[in-house]
Amino acid sequence: MNAHTTGVARGERAPAPASQVRIRPAYDANASGPSVVNMWQRGVPVDEKLWTPSVIALLVVAAVGIVLAIYRLTGNLGSVSGMTDVYAWGVWKTFNVMTLTALGTGGLSIGAAAWIFGRKDFHVVMRTALVMSLMFYLTGLLALGIDVGRPWNFYHVLMPWKWNVHSSLLEVAVCMPLYATLFLALENLPMLGERLWYYGSNETRARLTALRRPFRGAYPFLIAGAYMLPAMHQSSLGALLLLAGPKVHPLWQTPALPLLYLMQAGICGFGFTIVTLMTSCLVWQRPLDLKVIGALGDWMSRLILVWLGVRFVDLYVRGEVGRVFTFDRYSTLFLIENAMVFVPAVILRSRKFARTPRIVFNMAVMTCIGGMAYRFIPTTVSYDPGHQFSYFPALPELLVMLGLIALAIVGFNLAAKLFAVLPAPFDSWVEAVEWLEVERHQAEAKSHGNAAHD
Amino acid sequence: MKLSRRQALRGAFGLGATAAVATGAARAESTSATESEQPKASAPIGLLYDTTRCIGCKACVTACTSANGLAPDSGASEGLHQMPQDLNSRTKNIIKLYTSPDGSERSFVKRQCMHCAEPACASGCPFHALRKDPVSGVIGWDGELCIGCRYCEVVCPFEIPKFEWDRFNPKVVKCELCRHLLDAGAAEPACTAACPTDAVIFGRREELLHDAKGRIESSPGKYHQNRVYGEKEAGGTQVLYLSHVPFARIGLPVLEDMSLPEYANRYHRIIYQWMALPAAVYAVMAGVIRARWKKHDHEAMEIERAGGPMDQL
Ligand code: SF4
Ligand code: SF4
Ligand code: SF4
C-alpha cells in the first residue's frame, strides 16, 4: 500500500500536480499569526526509499550481532564475552542497558516538559523522542535477554509473589519491559493509526475513528504512567550500584545515585533528541526549527546546572570534595565527565549561541557523551573490586553491542520513512497528503481499468 | 582434648537446633520487627577460622570439593592435583597464603561465603534465588529461581558467588555451609570435619563469637586489633575470623559496620513504602496532565471541525 502501486518510487516525487486534485484544506495553519506557530508544525514521513545503502550497511552490522547473539544463547557467556567473576557485568548491561536507555529517555523528559510543564511547542518533537525511546528500550531489552545466563527462568517476572520487592534489579526487570512493551508502545500507536488511516479503505477509517475516542480518553492516564515508570527504573538503575557499596569509587558512590542517574537520563533525553532531530534534518534536508531546538537546549542546560548543583552539594555533604582535586585517575575522569556537561550548559545560556545550529548540535553531542560517561563510569571504570583484574569487552561482545545499536538506528530510520515522525512545516504535510490522494486516485483508476478488462 | 571440644560443639549445635524449633514462633515477630528486609536468622550457625591454627594442609579444600560434588580444579597443576587459583565455579572453599614482601610475615587464610547477617547478595537478587534461611541464616541458592543476572557477584563485598561462565545452564556457585549435609543429619560441614588442627570450627554464631573472644582474652596481643573479624563488618557475618596479621592483608576487606542492604535501601524503603509515594506522584501527574489534555483536546477538535488536519499525538 505505498507508492509502488502507482509506479512512483519513494524519493522520486515531484510536487503534486495541483490541477489534478485539490485537497488542500481550507484551514490555514498560520492564520493565528506566525508568532505562536513554529516552523515545525506536524510530523511528516520522510520521502525516501526504504532500503538505502546506509540502511543495508547497518542491517549487516545488526545481522552480525544477531547471529552472535544466537550463538551466545545456544552456548555460554564465557566464550563470547570478556566478563569474569570479578567484572561480572559487561557492556550489554552496563552500556546497552544502563547507558543507552538514558539517551532513550526523551519520551520521558520531553513528554514531561510538554504535558506537565506546559511546553506546547515541544509537542511537535514528541514523536521523534518517542520512536527514539522505543528503539533504545527494545534493543536494551534484547541486550538484557542475551546477557542473563538463565533466561528460561525470567518468566518469574510475571509472578509477583516470587518478586524480591527490595531489589532494585527486580524493579528494573519488571518496570523496563512493562514500559517499553506497553506504555511506550501505546504512546507510539497513534503513528501507526495515522498511517493506517491515510492508506486505509473507508472501512478501516471508520474502525480507526471508532477506536480514537476511547484512546484519547485514556491518553492522559496512559502518559502519566509513561512518565512514572521510566522515572522509577531510571533511578533504580542508579540504585543498582548502591548495593555494590565500597567497590564503587567514593566520587560516584553516593545515596544520591538514583536521583543523579534519573536526572542525567532526563538531560540525555533532551540532548539526544536534539542530536536526532538535527541529524535527521541534515541527512534528509529538512528545514530546522531553531526556536524549538533552542528551547530544548535551554531546558537541557538548566537541567544540567541543577544536576551539577545536586552533585556538588552531595559531595560537600559527604565530605568528599577534597577527592575532586587530587588529579589521580578518578579525579581526572570525574572532572572531564563534569566538564563535558558543564561547558554545554554554560554556552547554551547565551541566546546567541543557542540559536546557532552548529553550536547547539556540538553542545548536545558533548552533553550526550558526558551523560553517557556519567552513567557508564561507575559501572565499570570506577567499579573496582580490588583485584588486579580489569575488564575489556571481547570482540563478539562488542559486535553484539554494536549490532543492537545498528538495529536501533535502522528502526528509527525506517519509522521516519513509514510514519509521520519527524517534524516539518505545514506545507510539507499538505504536499504529502496531496501526493497520497494522487496515488489513491491512480490506484483506484487502475483497479477500475483492470475490472473493465475482466 | 580435641575430641571432647568438638563433641562439646556438636552438643551445642544440637541444643541450637532444639532452640531453633523453640524460637520458631518468635521468628515471625522478628522478621516483621527488623528494619532490614532480610529475616534475621533465629539460630544463626557459622564457622570460626583462626589463622594461628591453620597449617595450610588444604584438607578442607579437598573435603569441600568432594562433599559438594565439584570437579577439582587442577588447571594450574596441569591436571596433577587440585590447585585452584582463587574461588571459582569449581571451588567453594580455598586456602591462600599471604607472605609479606620481605617474607617476615605470613599467614594462611581460608575463604568461603561469610554468610552475612544481612547479605547483599540476597538483598539484590531479584527473585530470591539467593535466600537467607530464617533459622540457620545460611544463604542458599535455588536454581529454579535464578535468572543468571550475576548481580550477586557485583554486590557481594567479599567477592564470593561465582558463575559457570563455560556452561549453557550456568549455576551460581558458592559455599552454602554444607546445608545438604546438615539437612541429612551430619553434625558439621565437610571442611570443619576435615580440619586436623581445628583451625576452622563449626557452631552457633554466638558460641563461636564467645569462643573467639575467649581466645583473644587468654592471649592479648596475639590477634590483630584484639578483635574478631565479622562481628560487626557489614552488619556482621556468621563466619568469623581471628588473624595474627592485619585483616586486609589476607584479603578481608575493610568494611563499615552498616550493612550494604541497609545503606542501599535507606531511602528506597521510604520512597517505595506501600508504593504510596509513587501512587501519589502518579495521581498528581495524571491530574495536571488531564487538565492540560482537556484544553488540548478541545483545541484539536476545533481545528478538525474547521477543516484542519487531524491532531497528531
Ligand atoms: S559473603 Fe557474599 S555471597 Fe556470602 S552471604 Fe555475604 S554477600 Fe552473600
Ligand atoms: S545471578 Fe541468580 S542468584 Fe545471583 S542475583 Fe542473579 S538471580 Fe540471584
Ligand atoms: S561449609 Fe561446606 S561448602 Fe562451605 S567451605 Fe566448608 S565444606 Fe565447603
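Around ligand 1 there are 14 residues, and those that come nearest are B:Cys113, B:Met114, B:Cys116, B:Cys121 and B:Cys156, where a residue is near a molecule if one of its heavy atoms lies within 4 Å of it. By class, this shell holds 12 nonpolar residues, one polar and one charged; here Ala, Val, Leu, Ile, Met, Phe, Trp, Tyr, Cys and Pro count as nonpolar, Asp, Glu, Lys and Arg as charged, and the others, Gly among them, as polar.

Before I go on, please keep in mind that this is a predicted model, in which local features need pLDDT of at least 70 and side-chain atom pairs count only at pLDDT 80 or more, while totals for chains, interfaces and linings use all residues. Residues are numbered from 1 along each chain as its sequence is written, chains are lettered from A and ligands numbered from 1 in the order in which they are written, and side-chain values use heavy atoms, with hydrogens and water left out.

Ligand 2 has a shell that includes B:Cys125, B:Cys146, B:Cys149, B:Cys152 and B:Arg150, and that shell divides into nine nonpolar residues, one polar and one charged.

Let me turn to B:Gln112, which lies in the loop between strand 3 (106-111) and helix 4 (120-124) of chain B, helices (H or I, at least four residues) and strands (E, at least two) being DSSP runs numbered from the N terminus. Is B:Gln112 buried or exposed? It counts as buried because its relative accessibility is 2%, and buried means under 20% relative accessible area, taken with a 1.4 Å probe and protein chains only. Leaving aside residues up to four places away in sequence, B:Gln112 touches several others, among them B:Leu47, B:Ile160, B:Cys175 and B:Tyr241.

Now to the interface, where 72 residues of chain B are in contact with 81 residues of chain A, contact meaning heavy atoms within 4.5 Å. The two chains bury about 6,600 Å² between them, with 60% of it on carbon and sulfur atoms; this buried area is the accessible area (1.4 Å probe) that two parts lose on being put together, summed over both. On the chain B side, B:Trp165, B:Gln312 and B:Leu313 lose the most area to chain A, together 13% of what that side buries.

How many salt bridges does the rule find across the interface of chain B and chain A? There are six, a salt bridge being a side-chain nitrogen of Lys or Arg within 4 Å of a carboxyl oxygen of Asp or Glu. A:Lys247 forms a salt bridge with B:Glu159, and their closest N and O atoms are 2.5 Å apart.

Notes: Buried < 20%, exposed > 50% of the residue type's maximum accessible area, 1.4 Å probe, protein only.
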